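These are my notebook entries on one structure. I set down what I looked up, with the cut-offs that I applied.

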Amino acid sequence: MTLAIVLAADPAAGHLTEPGRPAGEPLTERLAAQWRRAGADDVRIAADLTELADLVAAATGPVLVSGADLVAHTAVLKHLATSPVGPTVALVLTDPPAPGQATVREERGQVVEVDAADATGVFGGALRVGAADLPALADAARRAAGAAPDAPGARLTDPASAPGVGATDGGPRNAVDRLVADLAARGTLIFAQRVRLLVAHRVGDEAQRAAAEAAVAAVDEDRAELKLSVKERDDFFTTFFVSTWSPYVTKAAARIGIGPTGVTMVSVAFAVAAAVLFGVGGRPALVAGAVLLYLGFVLDCVDGQLARYTRHFSAWGGWLDTMADRFKEYVVYAGLGFGATHAGFRYGWALALAAMTLQTVRHMTDTWYGALHDEAARRPKVVSADAGGIGGKLNAASTRVQADTGSVSYWLKRTVVFPIGERWALIAIAAALFGPLVALVAVLVWGTLAFAYTGGLRTLRARWMRVPVMATVDAGLHRDDGVLARTLPTTRRPLLLAVLGALGSAGTLVWALLAVHGGGDLPVFVPVLALVLLLGAAQASRAPHEGSLDWLVPAALRAAEYLFAIAVGVAGRAPAWLIFGYVLVLTLHHYDLTARLEKRQSAPPLHAATLGWPGRSLLLAIGLIAGYASIALATLGAYLLVVFVASVVLAWVVLPARARGGVRSPG
């Protein structure tokens with residue numbers, strides 16, 4: 001249940017009137033009606049901060065709070081109420097701050113400081129507070145009202161000195177601004193909701209209200225919302241070859257009642273059909289596959305646009321979109337690998353495996369570098385001793401390029417990293433014109449160059465930022481260590497050990513390829529030595545991950561496990577498609593973990609049953625030494641797939657149904 005509270009304590013609440021209503025009636029009633037249309041289940045008008053604190057203390061779900069000086073489209077409030085970026089979100093405007101209003105500085109979509117000297121916006125007078133942050137909101141309201149002593153452990157010791165009690169210009173701070181300032185001072189994670197195309201202004205007198213109302217009336221709300229369904233910043237191919245017409249598909253889907261999940265499923269079907277056609281081969285099939293792949297990518301964009309247009313967000317939908325994207329891409333790699341092999345190239349499946357492994361390791365670094373940046377944004381800014389060094393210069397240059405959205409350098413930077421739109425476009429064009437083999441080689445070449453480029457720059461910038469991101473999360477969970485790793489003695493240097501494990505697996509794979517190519521067998525000591533190196537990496541599971549480059553550990557461990565599994569399959573002469581299938585199941589498991597990290601969700605229900613990468617590698621090594629590598633890959637892969645499916649059903653169907661007291665599929 002969502003509660004909306006309009007705070008009538010600000011000066012504006014007493015003298016601004018709504019056109020057509022009796023003179024003197026405050027705008028609080030107008031805002032209350034807008035909150036109802038925005039989806040709030042219960043709407044209250046609080047006379048002061050003390051009453052607001054009492055309402056918040058009794059709330060069990062998210063709480064929406066706004067002052068009485070906000071004039072905005074109802075869609076602005078709806079977007080704030082339904083924002084998927086995080087539980088606690090504040091409206092941020094670009095208007096110049098008026099007396100009593102809090103300025104904010106945001107980085108990577110987070111409000112990292114209030115009343116900063118280098119502010120990037122002004123607080124918009126409205127915020128959504130997640131259930132976990134409600135105690136902090138209630139305490140902030142009481143402290144700002146001077147009605148309660150300091151909470152245990154609070155950072156401030158005098159209610160009169162609570163942030164926001166006095167404005168930076170010496171005037172009185174508006175009540176709702178006191179709340180956001182106090183929440184930020186407590187370290188509450190607050191995300192920023194910017195206003196684009198729509199209108200939102202905080203007003204202080206009748207003239208400002210009239211101007212704001214006129215601005216609201218001048219904008220077609222529905223047309224603006226459709227435009228807003230397209231990401232503000234996207235990649236070159238998506239921006240110019242998809243988003244120019246995909247909103248029309250989004251509008252049509254909304255009219256006929258297809259939800260984002262339905263669009264995602266159709267997109268998966270298109271990608272699978274394209275993969276089949278790539279595997280069949282022949283010019284007509286390859287061209288048809290390329291067209292289906294393009295249309296599938298358009299639908300991949302439409303599902304997100306439809307969610308934003310209809311405001312139908314869910315944790316299930318976000319998870320499904322992430323998982324479907326990776327499954328579609330890797331199924332296409334499988335189709336290309338089969339097609340290249342069918343056309344007479346011996347190593348078609350090997351190229352598909354290489355492409356999948358490379359892309360997964362890249363995505364792991366993307367996820368953890370993003371977490372690194374988020375953590376750095378939340379920390380106080382400190383002038384580094386090497387601010388003028390290469391890391392600082394790269395950071396400044398990147399910031400300048402990202403700000404110049406119309407420049408050639410901006411689009412080159414977004415394209416060279418080989419994002420999903422460019423990958424699908426390259427696959428479609430190369431497969432249609434030259435065939436599956438050229439498509440796979442092109443993906444590998446561009447992907448490798450992009451990985452080298454992003455990896456090198458990110459490493460330099462990470463050393464400059466010096467943020468131990470892995471020290472702030474459950475490292476054991478996201479390393480995917482399992483029970484075996486927790487039983488081993490603990491050693492330090494997690495990154496070094498992970499890299500050694502990956503190198504050992506890579507060396508084993510090379511040795512296996514040479515041995516099989518020469519008609520011999522892989523010596524037993526080789527996989528045993530590689531396993532020793534892997535278990536050495538597992539020993540760092542409980543060690544502190546405090547290094548500035550330890551965000552690379554999960555990616556290194558993924559590379560180590562995948563390469564070892566491929567080496568086992570090659571040495572055991574397992575079918576190439578079986579090796580691909582086993583690694584594909586592993587990627588689904590690991591993308592599940594990263595999707596949960598990005599969505600700030602807990603571990604999968606059956607995570608312990610996946611055995612951890614050391615346990616899985618040990619079982620495969622035993623299977624290889626015993627002479628049953630294919631059976632080990634097939635059995636363990638089937639087991640992991642069953643566990644993955646069961647975990648998905650438990651996480652998204654059974655457990656939510658029990659929480660609701662009924663049974664219903666996620667939607």
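**Entry 1: W424.** I located W424 in helix 16, residues 420–433; helices here are DSSP runs of H or I of at least four residues, strands are E runs of at least two, and both are numbered from the N terminus. The model is predicted, so I noted the limits: local features need pLDDT of at least 70, side-chain atom pairs count only at pLDDT 80 or more, and totals for chains, interfaces and linings use all residues. Residues are numbered from 1 along each chain as its sequence is written, and side-chain values use heavy atoms, with hydrogens and water left out.

Is W424 buried or exposed? I found W424 buried, at 3% relative accessibility; buried means under 20% relative accessible area, exposed over 50% and partly exposed in between, with a 1.4 Å probe and protein chains only. Setting aside neighbours within four places in sequence, I listed A271, L293, G296, F297, K328 and E329 as the contacts of W424, a contact being heavy atoms within 4.5 Å. W424 and F297 are 127 residues apart along the chain, yet 7.4 Å separates their C-alpha atoms.

**Entry 2: aromatic rings.** Rings of Phe, Tyr and Trp (its six-membered ring) pair if their centres lie within 6.5 Å; planes under 30 degrees apart count as stacked, over 60 as edge-to-face and the rest as tilted. F237 and F241 are a stacked pair because their ring centres are 5.3 Å apart and their planes lie at 20°. Both residues belong to helix 8 (residues 236–241), four residues apart, about one turn of the helix. An α-helix has 3.6 residues a turn, so residues three or four places apart point the same way. F237 is buried at a relative accessible area of 15%, whereas F241 is partly exposed at 43%.

One aromatic cluster includes F237, F241, W245, F297 and W424 among its members. I also recorded R326 over the face of Y591, at 5.9 Å from the ring centre; the criterion is NZ of Lys or CZ of Arg within 6 Å of the ring centre and within 35 degrees of the ring normal.

**Entry 3: S246.** I placed S246 in helix 9, residues 246–256. S246 is buried, with a relative accessible area of 0%. Beyond four places in sequence, S246 touches V298, V302 and Q305.

Entry 4: On a 1 Å grid over the protein atoms alone, a cavity is a set of points where a 1.4 Å probe fits but cannot get out, and a pocket is an open set with protein on both sides within 12 Å along at least five of seven lines; lining residues have an atom within 4 Å of a point. Points are joined across faces, edges and corners, and a volume is the space filled by probe spheres set on them.

The second largest pocket has a volume of about 690 Å³. Of its 23 lining residues, Y347, A350, L513, I566 and V570 are the closest to its centre. Helix 20 gives the most to this lining, with six residues.

How many cavities of 30 Å³ or more does the structure hold? I found three, and the largest cavity has a volume of about 90 Å³. Its lining includes H589, D592, H607 and F644. Helix 25 supplies the largest share of that lining, four residues.
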